[in-house]
Amino acid sequence: MAGLIRGAAGTIALLALTAGLATVALARVAGPDRIPPTFAGLRSATACIPGPVDGQTASYRLDWDAAIDNVTPSTQLAYEIYQATKPRGEDFSSPTYSVRRGATTFTTPPLPADETFYFVVRARDRAGNRDSNPVERQGVNMCV
């Protein structure tokens, strides 16, 4: 072996190769990330619609606390929002809105003010794991 490694450059190359193999071995032992984020869900869904609501639109501000994950940093977690017009009517097969990574608020596009809306927010990590919290909030008009 000494004949194959010549000088400091050879020693450094051997150390780099050994470190690289150790990293690959650790990655194999750790396995893929299969644990979804821990998330308390949507905290509030509010709008301000002054006066009569007939014919008006309103955007709802959704607020939540950041989720945590065993691998993905909170700043890299994405959030998926599900919207329904009746309680427990969300279609969890496809989010209504997707929110940028690390966000803890979202404002919906204008929605008919004379309808009632319900929202659920779920966190998704970089591996695609989604939490399944059941927290649903009804949109509330704070200005009536």
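Is D63 buried or exposed? Select D63 and check its surface: the relative accessibility is 10%, so D63 counts as buried. Keep in mind that this is a predicted model.

**Stop 1: D63 and its partner**

D63 and R61 form a salt bridge, with 3.1 Å between the closest N and O atoms. R61 has a relative accessibility of 41%, so R61 counts as partly exposed. The buried cut-off is under 20%, which is why D63, at 10%, falls in the buried class. Five salt bridges are found in the structure. Two other stops show more of them.

**Stop 2: D65 and R43**

Now select D65 and R43. Their side chains meet in a salt bridge, at 2.6 Å from N to O. D65 sits in the loop between β3 and β4, and R43 sits in strand β1, so the pair ties together parts that are 22 residues apart in sequence. How exposed are the two ends? D65 has a relative accessible area of 46% and is partly exposed. R43 is also at 46% relative accessibility and counts as partly exposed.

**Stop 3: the open sheet**

Which strands form the open sheet, and in what order? The order is β5-β4-β8-β9, four strands with antiparallel pairing. Color β5 (97–99) and β9 (137–138): these two stand at the edges. Each has a single partner strand, so one side of each is left without a neighbour in the sheet.

Zoom in on β4, residues 78–84. β4 pairs with β5 over three bridges, in the antiparallel sense. Pick E80 and look across to β5: its bridge partner there is S98.

**Stop 4: E80 and the arginines**

Stay on E80 and show side chains. Which residue forms a salt bridge with E80 at 2.8 Å? It is R130, and 2.8 Å is the distance between the closest N and O atoms. E80 lies in strand β4 and R130 in the loop between β8 and β9, so the pair ties together parts that are 50 residues apart in sequence. The two ends have their own accessibility classes. E80 is buried, with a relative accessible area of 4%. R130 is partly exposed, at 45%.

**Stop 5: the nonpolar core**

In soluble globular proteins, nonpolar side chains tend to be buried together. Here, the largest nonpolar core has 23 residues. Select Y60, L62, W64, Y79, I81 and F119, which touch the most other members. Then color the strands that supply the core: β1 (42–47), β3 (61–64), β4, β5 and β8 (118–124) each give at least two residues.

**Stop 6: Y79 and the aromatics**

Center on Y79. What does Y79 contact, leaving aside its neighbours within four places in sequence? The contacts include F39, W64, Y97, S98, V99, V121 and R122. Several alanines are on the list too, among them A66, A67, A103 and A123.

Show rings. The whole structure has six aromatic pairs. One of them joins W64 and Y79: this pair is tilted, at 5.3 Å centre to centre and 45° between the planes. W64 lies in strand β3 and Y79 in strand β4, so the pair ties together parts that are 15 residues apart in sequence. Both W64 and Y79 are buried.

**Stop 7: the disulfide**

How many disulfides does a search of the whole structure find? One. Select C48 and C143, whose sulfur atoms are 1.7 Å apart. C48 is in the loop between β1 and β2 (57–58), and C143 is in the segment after β10 (140–141). The pair links distant parts of the chain, 95 residues apart. Check the S-S torsion: it is about -105°, so the disulfide is left-handed. C48 counts as partly exposed at 49% relative accessibility. C143 is partly exposed too, with a relative accessible area of 34%.

**Last stop: R88**

Finish in the loop between β4 and β5, where R88 is found. Look at its backbone: R88 has a positive phi of about 60°, although R88 is not a glycine. At 56% relative accessibility, R88 counts as exposed.

Methods: Residues numbered from 1 in each chain as written. Predicted model: local features only at pLDDT ≥ 70, side-chain atom pairs only at ≥ 80, totals over all residues. Heavy atoms only, no water. Pairing = 2+ DSSP bridges. Core = buried A, V, L, I, M, F, W, Y, C linked by side-chain atoms within 4.5 Å. Buried < 20%, exposed > 50% of the residue type's maximum accessible area, 1.4 Å probe, protein only. Contact = heavy atoms within 4.5 Å. Disulfide = S-S within 2.5 Å. Salt bridge = Lys/Arg side-chain N within 4 Å of Asp/Glu carboxyl O. Phe/Tyr/Trp six-rings, centres within 6.5 Å; stacked < 30°, edge-to-face > 60°.
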